[in-house]
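Have the viewer open as you read along.

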Amino acid sequence: MRVVVFGDVHGNLIALEKLFQIEKTQADLFISHGDVVNYGPWSNECVALLESVDNIKLLRGNHEQSYIEGFYDGKNVIAKSFFDFCYSKFDRNLMPEISRYENQIHFSEFIVQHTIDNRYIFADTNINDLKIDCNYIIGHSHQQYELQKDNFKIYNTGSLGQNRELLNVSCYLAVDTDKKTVERKNFIHDIDKVINKMEAERYPQICLDYYKGKKKA
């Protein structure tokens, strides 16, 4: 079975649609590990698109949780600006959909969830204090990698919609449960379409500058 695991879409419909163009005929199952909403200009459309996919499991990220609670508790000024702007445009009729997102899913040899212990785990994070007893697939840090802890592995899908290193590169994982392989995948999408839409929507300048200041592949 081919399982495509992705997350951190963050309202980037351009990247999400391209993922399904690439993988729709190949994947037996899709798993989104959360953060479909916020930042990009198409949170509503991304939620609706994922709801229309039959062979998919949807998990909750911290941004879905913030939308459900109606409050962003972080202190980052840029993130707060994104939340205030994007949350005000979120279709409240879609709130039941994201409220149904699960916290984790088990498949094959893996647990998939947005992150572990609510931490940002990067490729160079010291994980000696992390207690795990299985293999994990996570996201949250928008960085694709593979780590080993004791006899277990942690895979990060990277971000589909908001790569923090190269903004127009979408990352995800393809897991073959028969061959027991995990393949790191990526593709380039048209990030200018995202930024143009953000400008048309009159995003705050601090948000536009954040996207425009990122590198591209």
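## The largest cavity

Sorted by class, the lining of the largest cavity comprises one nonpolar, five polar and two charged residues. Keep in mind that this is a predicted model.

How much space lies in the largest cavity? About 30 Å³. The structure holds one cavity of 30 Å³ or more.

## Helices α1 and α2

Next, turn to α1, covering residues 13–23, and α2, covering residues 43–51: the two pack at an angle of about 20 degrees, and their axes are 9 Å apart. Angles under 35 degrees count as roughly parallel, so α1 and α2 are roughly parallel to each other. Their crossing is left-handed.

On the α1 side, the contact is made by Leu-13, Leu-16, Glu-17 and Phe-20, and on the α2 side by Glu-45, Cys-46, Leu-49 and Leu-50. The residues of this contact of α1 with α2 divide into six nonpolar, no polar and two charged.

## Helices α4 and α7

Another helix pair is α4 (residues 77–88) with α7 (residues 205–212), packed at an angle of about 115 degrees with axes 9 Å apart. The crossing of α4 and α7 is left-handed.

Which residues meet here? From α4 come Val-77, Ile-78, Ser-81 and Phe-82, and from α7 come Ile-206, Cys-207, Tyr-210 and Tyr-211. By class, the contact of α4 with α7 has seven nonpolar residues, one polar and no charged.

Conventions
Residues are numbered from 1 along each chain as its sequence is written. This is a predicted model: local features need pLDDT of at least 70, side-chain atom pairs count only at pLDDT 80 or more; totals for chains, interfaces and linings use all residues. Side-chain values use heavy atoms; hydrogens and water are left out. On a 1 Å grid over the protein atoms alone, a cavity is a set of points where a 1.4 Å probe fits but cannot get out, and a pocket is an open set with protein on both sides within 12 Å along at least five of seven lines; lining residues have an atom within 4 Å of a point. Grid points are joined across faces, edges and corners, and a volume is the space filled by probe spheres set on the points. Ala, Val, Leu, Ile, Met, Phe, Trp, Tyr, Cys and Pro count as nonpolar, Asp, Glu, Lys and Arg as charged, and the others, Gly among them, as polar. Axes are lines fitted to C-alpha atoms, for helices over the stretch in contact, and angles run from 0 to 180 degrees between N-to-C directions. Helices (H or I, at least four residues) and strands (E, at least two) are DSSP runs, numbered from the N terminus. A crossing is left-handed if the near helix is turned anticlockwise from the far one by less than a right angle, and right-handed if clockwise. Contact means heavy atoms within 4.5 Å. Angles under 35 degrees count as roughly parallel, over 145 as roughly antiparallel, 65 to 115 as roughly perpendicular and the rest as oblique.
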